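Here's a quick briefing to read alongside the model. Have the viewer open and follow along from topic to topic.

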Amino acid sequence: MAAMFRVQLILPALVSLALVAAVAPATTHLRFYMHDIVTAEASTSPATAVRVVRGVTPLPNDPTNRFGDMYAIDDALTEGPGASSPVVGRAQGYYLFASRTDASLLLSANMVFTAGKYNGSAVAVFARDAILDAVRELPVIGGAGAFRGATGYGLLRTNTFNASSNNAVLQIDMYLDV
């Protein structure tokens, strides 16, 4: 009798765990590179980040950027860090120099995938980007297509940066729950 009572208690718990496991989102990891081209390098590499608002207060130790500078972006997303790497999408949105005392941005962007398995899907991020930090976190605030209702985060690392042109290649690792 006691054994039957235990089975009656354990069986619903096991069924509940199985149901939770069946509906729990699977984490998808994506790695891609964002090419932020502020200064055009050639006719084949036009600017993809354009200053649309000029701030008035210079940033400390930065002769180029000012508090309040805003850049509209349409940056290529590629499989690898090289400029000739296959394009998998575009980062479309803006970043704004949002600190008067350091190089910190407010980044709002849609990572729109235009090739491969996720063609037609997008991930939206809205984040603080302290660009001198080795690793920055990008909260995911939603998605579309295969990523509809996505939650998660991205880890952003500067792969290369050219101080004279302000051009950068950023490595992004996205961890998405859909």
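How many aromatic pairs does the count come to? It comes to six aromatic pairs, where rings of Phe, Tyr and Trp (its six-membered ring) pair if their centres lie within 6.5 Å, with planes under 30 degrees apart called stacked, over 60 edge-to-face and the rest tilted. Bear in mind that this is a predicted model, so local features need pLDDT of at least 70 and side-chain atom pairs count only at pLDDT 80 or more, while totals for chains, interfaces and linings use all residues. Residues are numbered from 1 along each chain as its sequence is written, and side-chain values use heavy atoms, with hydrogens and water left out.

**Overall layout**

- The protein chain has one helix and eleven strands; helices (H or I, at least four residues) and strands (E, at least two) are DSSP runs, numbered from the N terminus.
- Starting at the N terminus, the order is α-β-β-β-β-β-β-β-β-β-β-β.
- The protein chain has 178 residues, and 38% of them are buried; buried means under 20% relative accessible area, exposed over 50%, and partly exposed in between (1.4 Å probe, protein chains only).

**Aromatic rings**

- Tyr 71 and Tyr 95 have ring centres 5.2 Å apart and planes at 25°, so this pair is stacked.
- That pair links distant parts of the chain, with Tyr 71 in strand β5 (residues 70-78) and Tyr 95 in strand β6, 24 residues apart.
- Tyr 71 is buried at a relative accessible area of 3%, and Tyr 95 is buried as well, at 7%.
- Tyr 71 also pairs with Phe 97: the centres are 6.3 Å apart and the planes at 65°, so this one is edge-to-face.
- Here too distant parts of the chain are linked, since Tyr 71 is in strand β5 and Phe 97 in strand β6, 26 residues apart.
- Phe 97 counts as buried, because its relative accessibility is 4%.
- Elsewhere, ring pairs link Phe 32, Phe 113, Tyr 118 and Phe 147 into a cluster.

**Leu 96**

- Leu 96 is in strand β6 (residues 87-97) and counts as partly exposed because its relative accessibility is 21%.
- Leu 96 and Asp 69 are 27 residues apart in sequence, yet their C-alpha atoms are 5.7 Å apart in space.
- Once you leave aside neighbours within four places in sequence, Leu 96 is in contact with residues including Gly 68, Asp 69 and Leu 105.

**Salt bridges**

- Side chains of opposite charge can pair when their charged atoms come close.
- There are seven salt bridges, each being a side-chain nitrogen of Lys or Arg within 4 Å of a carboxyl oxygen of Asp or Glu.
- Asp 102 and Arg 128 make one of them, at 4.0 Å from N to O.
- Asp 102 is in the loop between β6 and β7 (104-113) and Arg 128 is in strand β8 (residues 122-130), so to speak a link between distant parts of the chain, 26 residues apart.- Asp 102 is partly exposed at 33% relative accessible area, whereas Arg 128 is exposed at 52%.
- Asp 129 and Arg 136 form a salt bridge at 2.6 Å, N to O, and both residues are buried.
- Asp 173 and Arg 157 form a salt bridge at 3.4 Å, N to O.
- Asp 173 lies in strand β11 (residues 167-177) and Arg 157 in strand β10 (residues 151-162), so the pair ties together parts that are 16 residues apart in sequence.
- Asp 173 counts as buried at 1% relative accessibility, while Arg 157 counts as partly exposed at 29%.
- Arg 157 and Asp 173 also belong to a network of salt bridges with Arg 31.

**Strand pairing**

- Strand β9 (residues 136-144) and β10 run antiparallel, joined by five bridges; two strands pair if DSSP finds at least two bridges between them.
- Pro 139 has Tyr 153 as its bridge partner in β10.
- The hairpin of β9 and β10 has six residues between the strands, and Gly 145 in the turn has a positive phi of about 65°.
- β10 and β11 also run antiparallel, with eleven bridges joining them.
- Thr 151 is found opposite Asp 177 in β11.
- The hairpin of β10 and β11 has four residues between the strands, and Asn 166 there takes a positive phi near 65°.

Key. Contact means heavy atoms within 4.5 Å.
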